[in-house]
Amino acid sequence: MFGRLTIEALPLYSAIAAGGAAVTVGGALLVAIVITWLKGWLYLWNEWLTSVDHKRIGVMYIVLALIMLLRGFVDAIMMRTQQAMALNNEGYLPPEHFDQIFSSHGTIMIFFMAMPFMTGLLNIAVPLQIGTRDVAFPFLNSLSLWLAASGAGLVMVSLVIGKFSTAGWTGYPPYSGIQYTPGVGVDYWIWALLISGVGSTLSGINFVVTIIKRRAPGMTLMRMTPFVWTALCTSVLMTFAFPALTVACGLLALDRLLGMHFFTNALGGNMMNYANLFWIWGHPEVYILILPAFGVFSEVVATFSRKRLFGYESLVYATAAIAILSFTVWLHHFFTMGSSANVNAFFGVTTMVIAVPTGVKVFNWLLTMYRGRITFHPSMLWTVGFIATFVIGGMTGVLLAVPPVDFLMHNTTFLVAHFHNMIIPGVLFGYLAGYMYWFPKAFGFKINEPWGTAAFWFWIVGFYLAFMPLYVLGLMGMPRRMEQYNDPSWQPWLIAASMGAVLILIGIACLVMQIVASIRDRKLSGDVTGDPYDGRTLEWATASPPPAYNFAVLPEVRDREPLLDMKERGVTHAPPPAYQDIEIPKNSAAGVIMGGLAFVFGFAMVWWIWWLAILCGLAMWATMIWRSSDDDTEFVLVAEEVERLEKARYRTLEAAKAANP
């Protein structure tokens, strides 16, 4: 009845695994108890969980990302501690547990931290920046969120019931095949990626349509903000790249479940087909994550330098060039597979070429800051730290693009250092900058700056201490993913790397304290203007947090920096001659229900509980039919109510001006 699920699935094989499971379950129970004590379940259900408002969906995405950041960092510090202690078979982690940890670390950070963080920022900022009232498909947006949460839930449950994959975050066959890994770990990985990958594809389609079809009057393509341009290119990449990952995981699941031979050496299978499919998704994925961060840096630099962005057109063309070229470099991830010299040379050259438009962006940002009146808001600190650090990662990437060099460095810690040198400054620093930049817009009060500054310094110093030693170790020949070693010359560098991880841990603690301090001081740092930075783009033209309809009257755009243009013309808060009725999407429980059913379906497929999987599949189909048959999905906010809300806002603004002339 319960397939492979037995009492042996509990993590009793290791005190460390049992402790991790206890912390996971205890944390979930503690959150549930606190919400119950505060009598908050009804409020959460009505105002947040069932919401299809893009702003609230964006906030929930970011909450998911921050939770998974904590979870993924626990894996990171466990790995660093193990390697610092692992000389001559020492350490505290058994080999299989160490393999689970590095597999879950990569999976969580790429799929369930970075992707939700990016999608959350897109949800909060893009509709506001293009002057629209919502995304093109609000319910699809909700469904995407809950599919991502379902995939993350499967990864978290693998801590408590069964084990996670030991095949790395890439899941390469033959090790990920049923012959070499017969347990449930790879199945958890497959179904978490399949479910969340569908959600990511839907998000990409949603934002492509939103940006192309729902821009405000006068908002031409070349008047869109740099962040919207990066969102558009990222969404196109998501739409075309994620199906490759879905196919790869689906075929691997068929190999494991039905004994097929897509990626085996038997009966015509080919393992390298998996590598090609995975990296046809995998390298565009790097730019799916990095491009929105580049967009954040462009917004932050212009705002806090008090200048127009230097070379806007070149930055737009560089963004588009990166998006196109990202599909031409996937094979550099397996230069050592045995391709001909000509094939390797082609992909080596394209890898070097893609660095050119990235360099163009760096010069755009530097020349924007040149002779600007710079304010070092925490968002600006993350940006400056990114520029200094990302250039190092870019140079090591060009080095690895030379196939003979890659033959020496492949599968060493040099590659680990390079990858993190791109992802942490290039992605996470950008997302943290965007999170702190748009925090007042999402919540209506400013984020605590001293704690944000402290977080930045601990993060950047910790980053250098954690990853620069790995470059050295790679040059010394240390392979990555080693659970133990017997070369004493490696240990001092690994101890230094573990100390860097401790500093990053303190940086994460500062981020937690920043949220606590911001909520504590929210009445003192409230922002009634909606424009705390004297902004230049449309998101700062409305209230903070914005009303459900975003804009009472859709703005007419006449300039690349529309809010700055409105300020210069003196029409920033001029009331319109008349208000109109506004249609607003109703909340829907269907997204939450389908996400929950997808989670149970994935769990059933992992453990081969076929009857439960069939029931969940039918229930998801019925829920979709029910939602599709519902014609009453919007309500009308009448013009009189819109006028009342807007006049109340204008009175608040006038009172604030009078109090602070």
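Which residues do ring pairs link into a cluster?

Modeller: The cluster takes in Phe 111, Phe 112, Trp 169, Tyr 172, Phe 242, Phe 262, Phe 263, Tyr 274, Phe 278, Trp 279, Trp 281 and Phe 419. Rings of Phe, Tyr and Trp (the six-membered ring) pair when their centres lie within 6.5 Å; planes under 30 degrees apart are stacked, over 60 edge-to-face, the rest tilted.

A word on the source. This is a predicted model, so local features need pLDDT of at least 70 and side-chain atom pairs count only at pLDDT 80 or more, while totals for chains, interfaces and linings use all residues. Residues are numbered from 1 along each chain as its sequence is written, and side-chain values use heavy atoms, with hydrogens and water left out.

Back to the rings. The structure holds 48 aromatic pairs. One of them joins Tyr 437 and Trp 540. Their centres are 5.4 Å apart, and 80° separates the planes, an edge-to-face pair. Tyr 437 lies in helix 14 and Trp 540 in the loop between helix 16 and helix 17, so this pair ties together parts 103 residues apart in sequence. Helices here are DSSP runs of H or I with at least four residues, strands are runs of E with at least two, and numbering starts at the N terminus. Both partners are buried: Tyr 437 has a relative accessible area of 0%, and Trp 540 has 1%. (Buried means under 20% relative accessible area, exposed over 50%, partly exposed in between, with a 1.4 Å probe and protein chains only.) Phe 456 and Trp 457 make another pair; the ring centres are 4.9 Å apart and the planes meet at 70°, so this one is edge-to-face too. Phe 456 is buried, at 3% relative accessible area.

Now look along the loop that carries Trp 540. This loop, between helix 16 (491-520) and helix 17 (562-569), also holds Pro 545. A cis peptide bond joins Ser 544 to Pro 545, with omega about -10°. Asn 550 sits in that loop as well. Asn 550 is not a glycine, yet has a positive phi of about 65°. Asn 550 is buried, with a relative accessible area of 1%.

Asn 411 is in the loop between helix 13 (403-409) and helix 14. Asn 411 also has a positive phi of about 65° without being a glycine. Asn 411 is partly exposed, at 36%.

Pro 173 and Pro 174 are joined by a cis peptide bond, omega about 5°. Pro 174 lies in the loop between helix 5 (138-157) and helix 6 (185-213).

Finally, the setting. The chain has 20 helices and 2 strands. The radius of gyration is 25 Å, close to the 26 Å the globule rule gives for 661 residues, so the chain is as compact as a globular protein of that length. (The radius is taken over C-alpha atoms; the rule is 2.2 Å times the number of residues to the power 0.38.) Along the principal axes, the C-alpha atoms fill a box of roughly 75 × 60 × 45 Å. Buried residues make up 55% of the 661. Among contacts (heavy atoms within 4.5 Å) between residues at least 6 apart in sequence, 83% join residues at least 24 apart.
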